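Please look at the chain as a whole before turning to single residues.

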Amino acid sequence: MGSLFSFVLNSILLGVGLAMDAFSVSLANGLNAPKLSRGMRLAIPFTFAAFQFLMPMIGWFCVHSIAETFVAVQPAIPWIALILLLFIGGKMLLDGIRGGGPEQEDVILKPGTLLVQGIATSIDALSVGFTIAEYPVLRALSASLIIAGVTFILCFFGLRIGQHFGTRLAGKAAILGGLILIGIGLEIFITGLSGR
């Protein structure tokens, strides 16, 4: 029982740590688009949760099959996250400075943009495959599901908080959201380089 509690607690803590970037991006999305439909309010946290589930499992699979290739690609992960988030954050920042109108919500939160955000904020979770490499497949799946659940909850609340303040901040929200995304990209990049 003690080892089960330890496993669940460790997975939750891992989920919280991994979800912080996705939480911040959800906050930025909420700031930038305070009047999202109910479907989008669920689609955003679901997308981040799905990627936070997939990436550790892909990492786990790589460790158990193509470990040498995975290790060779790993140094590129911070660069990929940086480029993706600088692109999205820079676009959001420019739209905010130019004073984008109501149609801006649709531009920022297109499915393609959300997909790129999901990849950029979860790509570092590939490395979790090393952390859970000793787990059998069912335990690795369970850990990834817990991580996804934690991510969904945090991103849902991050989005709602962002929407609340986005309504109050009006035109400045896109600028703040863009700066947040650029900051996250730089943080992932710096952390990734210093962690090697």
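The secondary structure of the protein chain consists of 9 helices and 0 strands. Read along the sequence, the pattern is therefore α-α-α-α-α-α-α-α-α. The model is a predicted one. Of the 196 residues in the protein chain, 42% are buried. Among contacts with a separation of 6 or more, 92% are between residues 24 or more positions apart.

Next comes the nonpolar core. The largest nonpolar core has 35 residues, and those with the most contacts inside it are Ile44, Phe48, Leu85 and Leu181. Which elements give two or more residues to this core? They are helix H1 (2-32), helix H2 (38-65), helix H4 (77-98), helix H6 (111-122), helix H8 (137-169) and helix H9 (173-194). H2 gives the most, with 6 residues.

Leaving aside neighbours within four places in sequence, Ile44 is in contact with Ser26, Asn29, Leu36, Leu109, Leu114 and Leu159.

How do H2 and H6 lie relative to each other? Their axes come within 9 Å and cross at roughly 40°. Angles under 35 degrees count as roughly parallel and those from 65 to 115 as roughly perpendicular, so H2 and H6 are oblique to each other. H2 passes H6 in a right-handed crossing.

A charged residue elsewhere in the chain is worth a look: aspartate 95 is in helix H4. Is aspartate 95 buried or exposed? Its relative accessibility is 14%, and the limit for buried is under 20%, so aspartate 95 counts as buried. Aspartate 95 and isoleucine 175 are 80 residues apart along the chain, yet their C-alpha atoms are separated by 7.8 Å.

How values were computed:
Residues numbered from 1 in each chain as written. Predicted model: local features only at pLDDT ≥ 70, side-chain atom pairs only at ≥ 80, totals over all residues. Heavy atoms only, no water. Core = buried A, V, L, I, M, F, W, Y, C linked by side-chain atoms within 4.5 Å. Buried < 20%, exposed > 50% of the residue type's maximum accessible area, 1.4 Å probe, protein only. Helix = DSSP H or I, 4+ residues; strand = E, 2+ residues; numbered from the N terminus. Contact = heavy atoms within 4.5 Å. Axes fitted to C-alpha atoms, helices over the stretch in contact; angles between N-to-C directions. Parallel < 35°, antiparallel > 145°, perpendicular 65-115°, else oblique. Left-handed = near helix turned anticlockwise from the far one by under 90°.
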